[in-house]
Amino acid sequence: MNANWNATGDWGTLNSTGRSFYPERWQHRLDELRAAHHVPGATLAVLTGGQVYELASGVLHRGTGVAATPDSVFLSGSIAKVYTATLVMQLVGDGKLDLDAPVVDVLPEFATPDEAATRAITVRQLLSHTGGVTNDFTYDSGRGDDCLAEYVKAARDVALDCPPGTAVSYGGLGYVVLGRLVEVLTGKTWDQALKDMIFAPLGLERSVTLPEEALRFQVAMSHLGEPGQDPDPAPVWDMMPRSAGPYGRIITSSGDLVRFARMHLAGGLAPDGARVVTADAVAAMQRHEVDVPDKWTVSADGWGLGWTLYDWDGVFGYGHDGAAIGQYAYLRVIPEAGVAVALMTNGGGARQLYAALFRELLDELAGVRMPEPFGPPADPPAVDMTPYVGTYKREGVVITVTPDRIRYEFVDGMKDLSPPLEAELTAVTETVFAASGAGPSFSEDYMPVVFSTLPNGTLVCYVGMRATPKISG
């Protein structure tokens, strides 16, 4: 057996199409694409025919040269949201929580600057990113077990992106609130609830939430650099505070990611047949809740309860993407084929690697035709930019739009995470624009910029699935 891959866990067939997976060939393809896109290290896990295959390529750290192995762990970024959603849905399935109850009924300390909105926001809305809460409120509430409680208190003064129930706006703040809700209902920290309710029942031995726990394993280092070049190790491994856990920090292997997905494919059952989540709760997570105006940033056709939903020419799928300051992760699940695929990377052109590799893999294993890369048409339409020119602001971000350019700048608690992004805008439609030079976390070549008007008449600019309201101009 090739030292870079292994296969484990023959656990029946999960509606398999019967298509074969050839590890040696895909190992070669992973090596080839990883090098071509300047990704230092990557691991790939594939569930097909009831078996999990795990491959690795490259190095975990360009400075030390330590090789990536199938059991190496990476930061999964926002894929953590699906784990938090699963915890919430366990409580819903057990009758301990009502999806459509206002959050304040369970968590009285939750609040926003808008009292009416505070009373209206439901658990379902937070899970589906329709609660109006923002994404980029980064608040370091310390390393103690009270970090989520303190975050929720601090978030009371953070403005909403949009009125609840009116539009989708990707919201990490809401997932910290959901994490705190889990703590209140279980009497455990979010970290411990994950261990007891998901990691342990599923045998996820390489899944942790805290840096000191990750040091038991071979850990991928983040890398940063210019597109088209080999990136260098980042100054620090992870800049996120502990309070980011429910929306952004699960440290795991690609193999554990697909084992987690396997439980969802199995209707909530663990490999030993134990019930982890009710079948109704699992189905509800995959049910369409809302359309999305930006269908390109994470290839989303809609959103469920935690999961991103896909429609590949009539083939249904679900999954999630994750980014964590130089590390990028991708999870895709195709129920009718019994296939789940996870890719974890530590820098470079990760989005390009994902797009090329998954386009081939999902076609071969599940007959999926992924959409072509987002970009401007050969003959862009002429669009009057006058209504869009101006300044847009939400917590952590300021966007400035001129007739042909966009500037995306982190401010407030996010200001030191990344330098401002400046890009040229090319029209795709009257409301959709392609921004060039966006970098690997946003798109393969172009970043989608989408303008939309909310029911209350407010113009918003969508970048990265976040709705940013126009404040001047």
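**Reading the terms in a predicted model**

Helix H2, residues 80-93, has 14 residues and spans 20 Å from its first C-alpha to its last, close to the 20 Å expected at 1.5 Å a residue. The structure is a predicted model, and the questions below ask how its values lead to the words used for them.

User: What makes H2 largely enclosed by the rest of the structure?

Analyst: Of the 14 residues of H2, 13 are buried, so the helix is largely enclosed by the rest of the structure. Just after H2, Gly 95 takes a positive phi of about 80°.

User: Why is Lys 153 called partly exposed?

Analyst: A residue is buried under 20% relative accessible area and exposed over 50%, with partly exposed in between. Lys 153 has 47% relative accessibility and therefore counts as partly exposed.

User: What makes the pairing of Lys 153 with Glu 150 a salt bridge?

Analyst: The closest N and O atoms of Lys 153 and Glu 150 are 3.4 Å apart, and the definition asks for a side-chain nitrogen of Lys or Arg within 4 Å of a carboxyl oxygen of Asp or Glu, so the pair qualifies. Lys 153 and Glu 150 are 3 residues apart in helix H6, and so are separated by about one helical turn. An α-helix has 3.6 residues a turn, so residues three or four places apart point the same way.

User: How do you know that Arg 259 and Asp 256 are buried?

Analyst: The cut-off for buried is under 20% relative accessible area; Arg 259 has 16% and Asp 256 has 4%, so both are buried. Their side chains meet in a salt bridge at 3.5 Å, N to O, and both residues lie in helix H11, residues 254-265.

User: Why are Arg 332 and Asp 321 said to link distant parts of the chain, and why do they count as buried?

Analyst: The side chains of Arg 332 and Asp 321 meet in a salt bridge at 2.8 Å, N to O. This pair links distant parts of the chain, with Arg 332 in strand S12 and Asp 321 in strand S11, 11 residues apart. Arg 332 counts as buried at 0% relative accessibility, and Asp 321 counts as buried at 10%, because buried means under 20%.

User: What makes the lining of the largest cavity mainly nonpolar or mainly polar?

Analyst: The lining of the largest cavity has 8 nonpolar, 2 polar and no charged residues, so it is mainly nonpolar. Among the lining residues are Phe 110, Val 133 and Leu 173, and about 40 Å³ of space lies in this cavity.

Terms used
Residues are numbered from 1 along each chain as its sequence is written. This is a predicted model: local features need pLDDT of at least 70, side-chain atom pairs count only at pLDDT 80 or more; totals for chains, interfaces and linings use all residues. Side-chain values use heavy atoms; hydrogens and water are left out. Helices (H or I, at least four residues) and strands (E, at least two) are DSSP runs, numbered from the N terminus. The expected span of a helix is 1.5 Å times one less than its number of residues. Buried means under 20% relative accessible area, exposed over 50%, partly exposed in between (1.4 Å probe, protein chains only). On a 1 Å grid over the protein atoms alone, a cavity is a set of points where a 1.4 Å probe fits but cannot get out, and a pocket is an open set with protein on both sides within 12 Å along at least five of seven lines; lining residues have an atom within 4 Å of a point. Grid points are joined across faces, edges and corners, and a volume is the space filled by probe spheres set on the points.
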